[in-house]
Amino acid sequence: MNLQPKTPADSYTESVQILNLGTMNGYNRLFGGKLMEWIDICAAVVARRHSNRNVTTVLVDTLEFKDPAYANSLVVLCGKVVYVGRTSMDVCVKSYVEKLDGSRQLINSAYLTLVALDENDKPTPVPALTLTNDEERLAHDEAKARREARKGANR
Ligand SMILES: CC(C)(COP(=O)(O)OP(=O)(O)OC[C@H]1O[C@@H](n2cnc3c(N)ncnc32)[C@H](O)[C@@H]1OP(=O)(O)O)[C@@H](O)C(=O)NCCC(=O)NCCS
């Protein structure tokens, strides 16, 4: 398997949804569980593209609903790798409502950890992450701090 380092741009993933009545809760807002499903899928595509492996979600570190979304909204999910370990990858997924003029309002941000699996369904090494700008370096440092905080909490 090719373990050449990759950049976040190599696996960057966007997915789009138009909210129909099947995605709403009883009072006409986007059902949170439906957005969580889309976030998980978007993160899995990012991690598959980074590792070229099947992947599984092992942790949702943070998932914050910042604003509601309503029927007929265009929701855009943007996922990228922010940190990699030996076999695991931390993926940030930000979800936006895109208005008719093209502007975007953040409605959710989430951080997930996924693990690459080999042919025997066991964790397997992933390519290193090459950071190309300050925004990526900041996201990487924040992900590292979240990992260290988790380790501290589990001690
Ligand atoms: C993910 C899984 C394969 C890891 O198995 P494991 O025996 O713990 O494997 P390892 O100890 O070798 O850990 C593999 C990687 O996962 C990371 N990991 C394991 N448990 C973790 C946790 N709770 N939180 C964050 N990372 C975790 C390890 O740190 C390691 O990362 P690294 O190689 O980058 O250092 C296993 O826990 C699993 O299959 N879980 C179920 C996942 C699933 O079904 N998800 C869908 C839910 S419907």
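Trainee: How far apart in helix α3 are D134 and R137, counted in helical turns?

Mentor: This is a predicted model, so read the geometry as computed. D134 and R137 both belong to helix α3 (residues 134–154), and because they are 3 residues apart, about one helical turn separates them.

Trainee: What do D134 and R137 form, and how far apart are the closest N and O atoms?

Mentor: For a salt bridge, the cut-off is 4 Å between a side-chain nitrogen of Lys or Arg and a carboxyl oxygen of Asp or Glu. D134 and R137 form a salt bridge, with 3.2 Å between the closest N and O atoms.

Trainee: Is D134 buried or exposed?

Mentor: Residues over 50% relative accessible area count as exposed, and those under 20% as buried. D134 is exposed at 60%.

Trainee: How many salt bridges does a search of the whole structure find?

Mentor: The search finds 10 salt bridges. One of them pairs R104 with E14, where the closest N and O atoms are 3.6 Å apart. That pair links distant parts of the chain: R104 is in strand β5 (residues 104–117) and E14 is in strand β1 (residues 13–18), 90 residues apart.

Trainee: Which residues are linked with R104 in a network of salt bridges?

Mentor: The network links R104 with E14 and E98. The side chains of R104 and E98 meet at 3.1 Å, N to O. On accessibility, R104 counts as partly exposed at 38%, E14 is partly exposed at 41%, and E98 is partly exposed at 23%.

Trainee: Which residues touch the most other members of the largest nonpolar core?

Mentor: The general idea first. In soluble globular proteins, nonpolar side chains tend to be buried together. Here the largest nonpolar core has 27 residues, and L35, V75, L77 and V93 touch the most other members. The elements giving two or more residues to this core are α2 (32–51), β3 (74–84), β4 (88–98) and β5. Helix α2 supplies the largest share, 7 residues. There is also a second, separate core of 6 residues, including V82, Y83, C92 and A143.

Trainee: Where does L35 lie?

Mentor: L35 lies in helix α2. With a relative accessible area of 2%, L35 is buried. Leaving out residues up to four places away in sequence, L35 touches L30, F65, V75, L77, S95, I107 and N108.

Trainee: What does V75 touch, not counting residues up to four places away in sequence?

Mentor: V75 touches S15, V16, Q17, L19, L35, A69, Y96, V97 and I107.

Trainee: Is S73 buried or exposed?

Mentor: S73 is buried, with a relative accessible area of 15%. This residue lies in the loop between β2 and β3. The side chain of S73 reaches the backbone oxygen of Y70 at 2.7 Å. Neighbours within four places in sequence aside, S73 is in contact with Q17, I18, L19 and V97.

Trainee: Which residues surround the ligand?

Mentor: Start with the shell, then look for polar atom pairs. The ligand is surrounded by T56, T57, V58, L59, G85, R86, T87, S88, V115 and P123. Strand β2 (residues 54–65) gives the largest share of the shell, 4 residues.

Trainee: How far is an oxygen atom of the ligand from a polar backbone atom of R86?

Mentor: The distance to that backbone atom of R86 is 2.8 Å. Side chains take part as well. An oxygen atom of the ligand is 2.6 Å from an N or O atom in the side chain of T87, and an oxygen atom of the ligand is 2.6 Å from an N or O atom in the side chain of S88. On its own the ligand has 940 Å² of accessible area, of which the protein covers 41%.

Definitions and conventions. Residues are numbered from 1 along each chain as its sequence is written. This is a predicted model: local features need pLDDT of at least 70, side-chain atom pairs count only at pLDDT 80 or more; totals for chains, interfaces and linings use all residues. Side-chain values use heavy atoms; hydrogens and water are left out. Buried means under 20% relative accessible area, exposed over 50%, partly exposed in between (1.4 Å probe, protein chains only). A nonpolar core is a set of buried Ala, Val, Leu, Ile, Met, Phe, Trp, Tyr and Cys residues joined through side-chain atoms within 4.5 Å. Contact means heavy atoms within 4.5 Å. A residue is near a molecule or strand if one of its heavy atoms lies within 4 Å of it. A polar contact is a pair of N or O atoms within 3.5 Å; within protein, one must be able to donate a hydrogen and the other to accept it, and residues adjacent in sequence count only if both atoms are side-chain atoms. Accessible areas come from the Shrake-Rupley method with a 1.4 Å probe; for residues, only the protein chains shown count as cover.
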